[in-house]
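Colleague: Before we use any labels for this one, I'd like to hear what stands behind them. Can we go through it together?

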Amino acid sequence: MTRVNDFAFKIATANGTGSASANGLIMQAIFRMGVPVTGKNVFPSNIQGLPTWYEIRVNKNGYTARTPHFDLMVALNAATYAKDVAEVRSGGYLMFDSSWPLDDKLRRPDITYIAVPLAEMCNALFKGVRERILMKNIAYAGALAGLIGMDTEIIANLTKEKYAAKKSLLDSNEKAIALGFDYVRANFQCPLPIHLEKMDATKDSILIDGNTAAALGAVYAGATVGAWYPITPATSVMEAFKTFCMKYRRDPATKQKKFAILQAEDELAALGMVVGASWAGARAFTPTAGPGLSLMNEFIGLAYYAEVPAVIVDVQRTGPSTGMPTRTQQGDLMMCAYASHGDTRHICLYPADPAEAFEMAVKAFDLAERFQTPVFLVSDLDIGMNDWMIPKLSWDDSYQPDRGKVLSADELEKAKSFYRYLDVDGDGIPQRSLPGVHPKGAYFTRGSGHNKFGGYTEDADEYQEVLDRIARKIQGATRAVPQPLVKTTPGAKLGLLTIGGCHAACVEALDLLAKDGIALNYMRVRGFPFGDEVRQFLEQHDVTFIVEQNRDAQLRSMLMLETGVHVEKMESVRYYAGFPMSAHHVISGVKAKLEKAA
Amino acid sequence: MSYIAKPKVHHPSLKKNTLGLTRRDYEGAITTLCAGCGHDSITAAIIHAFWELNIAPHKVAKLSGIGCSSKTPAYFLREAHGFNSVHGRMPAVATGANAANGDLIMIGVSGDGDSLSIGLGQLCHAIRRNVNMLYVLENNGVYGLTKGQFSASADPGSTAKKGEANTMQAIDGALLALTLGATFVARSFSGDKNQLVPIIQAGIAHRGFAFVDVISPCVTFNDHEGSTKSYAYTREHAVEVVHADFVPLRDPITTDYPEGTVQHVTLHDGSTVKLRKVAKDYDATNRDAAYAAIRDHQRRGEVMTGLLYISPDSQDVHAQNETVPGPLTSIPHDQLCPGNDALQKLQQQFR
């Protein structure tokens with residue numbers, strides 16, 4: 001059956017063989033053909049040798065969620081052949097390196113085998129072990145190009161752009177592509193029934209991962225201090241921040257830096273540095289993941305109680321403990337919302353894709369300074385490390401950072417008095433002063449009990465007064481955080497509510513469920529604390545399906561805690577095994593609950 | 001309770017510095033430590049040092065961790081921002097504050113529990129980074145606020161108040177600092193203000209991490225016979241090897257010492273430390289020699305004091321980072337944000 005611009009394929013290789021550049025080339029070529037495309041990198045916590053996969057979904061309707069059904073498998077790792085063969089959809093295709101014979105046990109009658117002697121051809125054409133391995137990967141890209149009908153001119157241009165500075169690499173890449181391409185054209189009916197045709201659906205889009213986008217947001221927000229401890233999958237946030245700062249933040253004449261990146265000894269110190277830098281008046285942030293967040297709990301509590309801004313980018317991975325560092329999950333939802341001992345509640349922003357990672361990164365700095373508190377950008381590995389197709393980013397040049405109630409030297413000079421924790425305006429947000437500015441601004445920042453004047457206290461009433469004001473302050477942020485996204489269907493009595501990276505799967509599932517006659521109203525929460533419209537949404541529906549990626553239904557727990565809506569009105573739909581959520585997870589979850597109820 | 005404000009009425013005859021401020025202007029709240037606590041003497045030395053250096057108090061940031069020592073920033077420089085952070089984590093906060101605003105004059109006060117146990121890692125890394133700050137470790141060998149447990153600086157054989165002897169090896173902050181590449185290492189005694197004040201001043205002027213270990217007896221839990229951190233023990237066993245005289249930038253060097261006994265070290269801001277050698281042949285710019293000398297004195301049961309090591313070519317965090325001059329906090333947003341044109345151009349590489 002012919003299927004144009006609507007299929008998925010998967011490439012199985014070993015880590016460290018250079019397959020990333022081949023996969024990137026394929027993604028970009030499809031994108032430049034104007035066809036919507038998404039890639040999911042399924043990689044091991046390893047540098048060399050362990051199996052790795054790259055999944056590419058082509059979808060003319062623009063659905064970007066992961067699909068677990070593959071029409072074509074490029075099986076190049078003998079170690080995973082059995083598993084890879086099993087994953088091909090019936091009627092699909094499997095391309096393998098026929099330099100070695102394929103075990104008969106791996107033959108399936110319902111799929112078509114495409115034998116390409118990649119190693120043999122590359123060994124004949126290239127010299128040296130490393131080049132042969134690398135070019136084998138480029139050769140499979142060439143073969144794929146032939147099989148699914150990628151535009152050869154686009155590939156040629158991409159290769160030229162990429163290796164413009166390295167002539168020898170350009171030559172070998174061009175040769176390797178031709179090797180694979182010519183072979184499949186000569187030996188198979190090309191293109192396959194599943195193939196590409198040029199469209200015009202990507203010209204206003206870019207391909208970007210969420211960590212790069214978040215880092216870009218930090219640059220545009222004016223962050224000057226970044227402190228971090230390397231951790232998968234958050235590392236590339238700081239790497240990207242550094243790259244952008246080296247490009248945009250150096251004095252043209254002296255090359256001196258208008259930023260400081262501190263690689264801390266651990267995450268305790270990383271957040272301590274952010275707290276110190278923010279206290280001194282810089283916009284500062286730290287990217288981390290679950291294990292780092294666990295260590296940061298101590299400083300999160302201090303920043304909350306002493307009211308110091310801090311931006312924490314949590315790129316969630318699977319937990320508990322070390323978990324699977326290279327797999328995705330939404331396992332930190334509750335920790336971000338209520339981190340640290342004692343009574344705390346934190347502002348959280350939940351991006352669903354790199355576009356929101358960019359916007360919300362900027363927002364996070366504004367909110368952290370405005371509310372003088374830690375703000376979490378709760379991303380995940382899927383958003384952070386995979387390439388997503390998103391509308392081109394734009395920037396409003398009239399943007400001014402919201403520094404909140406920071407008093408200038410002038411204002412302090414004129415002020416009759418300054419008390420750090422006094423609720424002067426009745427909104428729960430006190431005035432703030434920075435060190436080194438004015439003698440009148442001096443106060444003592446502390447995590448121990450303090451009164452509204454900033455003095456140490458062990459007095460019951462004084463202590464409680466400050467604690468209650470902070471609660472009011474944070475509650476006041478409900479109107480300032482990004483508001484929920486709502487999509488209603490006339491007559492729908494059921495709701496579906498989700499968060500962050502589940503969005504792509506939910507959007508696709510809603511369309512497919514509607515085709516089956518199941519109408520659902522949709523809400524995606526984008527910020528915490530939740531506003532009243534979240535409670536209303538839950539109350540308005542007979543049942544709302546709560547879709548999330550963790551075992552314990554953390555989002556549902558938060559909804560119960562924060563809205564008081566009874567748990568019976570919420571049906572939990574979860575997938576938490578480490579892959580990005582697919583539409584079929586949502587659909588089967590919803591249908592199972594409906595069937596049970598019927 | 002550190003909120004009791006001191007009366008600001010000054011005696012008219014109090015001496016003023018070049019800013020027109022008296023020493024009282026460099027004080028803070030009334031101490032809540034035990035009467036006779038070594039920490040209060042160190043506070044007095046800090047007040048004197050800042051006053052004499054004519055530093056405007058609000059240009060200073062004073063930071064600490066948790067513990068008796070960490071309460072003391074409330075007792076000096078009331079016009080400076082203070083940060084009583086979390087236990088053992090002051091170095092990270094100081095590192096961040098310094099990164100944001102390198103113009104802040106930073107003093108960190110910590111104790112032996114804060115620095116050598118819970119915060120050992122942070123101290124080590126602040127030394128490695130060479131954060132530009134004065135770091136005063138008020139060292140009494142004991143946990144005060146939790147009533148008398150041994151700290152990591154308690155010497156083997158030293159006894160607790162109830163007679164129990166410490167069996168574990170002590171962590172010596174000065175040796176540790178030297179090993180980690182510290183650019184300024186000093187040891188003093190809270191009871192020796194003449195020695196301590198110029199060390200603090202030199203530490204403030206030093207561009208980099210100035211580590212000052214001050215033996216500061218705990219009168220309540222560690223001032224008995226059998227303690228090696230008591231007033232009596234320290235007075236008897238302290239051996240000053242080198243005495244620092246701090247000479248600010250504009251002051252002429254007036255005192256003369258016999259040739260060969262004085263070593264001049266010029267600091268980043270142009271001020272000078274004159275190191276008067278009490279011990280013959282001691283070279284305070286030789287890290288290995290300093291290390292060996294400290295070990296040598298330890299073996300003899302002595303506490304070697306003075307400005308033990310100073311590196312004349314210290315490179316602090318900002319020098320290493322090649323940061324623009326001035327605080328990062330004062331750079332206007334339009335210099336930090338590349339703008340929409342740059343964003344559109346950049347995105348061509350994402351296609």
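Modeller: Let's start with the cut-off for burial: a residue is buried if 20 or more other C-beta atoms lie within 10 Å of its own. Keep in mind that this is a predicted model.

Colleague: Fine. Why is A:Ser278 called buried?

Modeller: A:Ser278 has 27 C-beta neighbours inside 10 Å, and the cut-off is 20 or more, so A:Ser278 counts as buried. A:Ser278 sits in helix H9 of chain A.

Colleague: Which residues does A:Ser278 touch, leaving aside its neighbours within four places in sequence?

Modeller: A:Ala284, A:Val308, A:Pro309 and A:Ala310. As for A:Phe537, it is 259 residues from A:Ser278 in sequence and 37 Å away in space, C-alpha to C-alpha.

Colleague: What makes H9(A) "mostly covered"?

Modeller: Of the 13 residues of H9(A), 13 are buried.

Colleague: And how do you know that the length of H9(A) agrees with what its residues should span?

Modeller: H9(A) runs over residues 267-279, and at 1.5 Å a residue its 13 residues should span 18 Å. The span counts one less than the number of residues. The end C-alpha atoms are 18 Å apart, so the two values agree. Just after H9(A), A:Gly281 takes a positive phi of about 110°.

Colleague: On to strands. What makes E12(A) covered on both faces?

Modeller: A:Ala284, A:Thr286 and A:Thr288 on one side are buried, and so are A:Phe285 and A:Pro287 on the other.

Colleague: How many bridges link E12(A) and E13(A)?

Modeller: E12(A) and E13(A), residues 310-316, pair over 4 bridges, again in the parallel sense. In E13(A), A:Val313 is the partner of A:Pro287.

Colleague: Why are E11(A) and E21(A) called edge strands?

Modeller: Take the sheet first: 7 strands in the order E11-E10-E12-E13-E15-E14-E21, open, with mixed pairing. E11(A), residues 260-263, and E21(A), residues 527-528, each pair on one side only. For E21(A), the partner is E14(A), residues 347-349, in the antiparallel sense over 2 bridges. There, A:Leu349 stands opposite A:Gly527.

Colleague: Now chain B. Why is B:Tyr143 called buried?

Modeller: B:Tyr143 has 22 other C-beta atoms within 10 Å, which passes the cut-off of 20 or more, so it is buried. B:Tyr143 belongs to strand E5 of chain B, residues 142-143. Beyond four places in sequence, B:Tyr143 touches B:Gly113, B:Gly148, B:Gln149 and B:Ser151.

Colleague: Which residues touch the most other members of the largest nonpolar core?

Modeller: In that core of 278 residues, they are A:Val74, A:Met95, B:Val185, B:Val212 and B:Leu307. Among the contacts of B:Leu307, not counting residues up to four places away, are B:Ala186, B:Ile199, B:Val242 and B:Leu275. There is also a second, separate core of 7 residues, including B:Val142, B:Phe150, B:Ala170 and B:Cys218.

Colleague: What do the chains A and B put into their contact?

Modeller: 51 residues of chain B are in contact with 58 residues of chain A. H3(B) gives the largest share of the chain B side, 8 residues. By class, that side has 24 nonpolar, 20 polar and 7 charged residues.

Colleague: How do you know that a strand of chain A pairs with E2(B)?

Modeller: E17(A), residues 444-446, and E2(B) share 3 bridges in the parallel sense. Two would do, so they count as paired. A:Arg446 stands opposite B:Asn84 there.

Colleague: Last one: how many residues of domain 1 of chain A are in contact with domain 2 of chain A?

Modeller: 12 residues of domain 1 are in contact with 8 of domain 2. E3(A) gives the most to the domain 1 side, with 5 residues. That side divides into 6 nonpolar, 5 polar and 1 charged. The C-alpha centres of the two domains lie 35 Å apart.

Key:
Residues are numbered from 1 along each chain as its sequence is written. Chains are lettered from A and ligands numbered from 1 in the order in which they are written. This is a predicted model: local features need pLDDT of at least 70, side-chain atom pairs count only at pLDDT 80 or more; totals for chains, interfaces and linings use all residues. Two residues are in contact if their C-beta atoms, placed from the backbone, lie within 7 Å. Ala, Val, Leu, Ile, Met, Phe, Trp, Tyr, Cys and Pro count as nonpolar, Asp, Glu, Lys and Arg as charged, and the others, Gly among them, as polar. A nonpolar core is a set of buried Ala, Val, Leu, Ile, Met, Phe, Trp, Tyr and Cys residues joined through C-beta atoms within 7 Å. A residue is buried if 20 or more other C-beta atoms lie within 10 Å of its own, exposed if 12 or fewer, and partly exposed in between; C-beta atoms are placed from the backbone. Domain bounds come from an automatic or database domain assignment.
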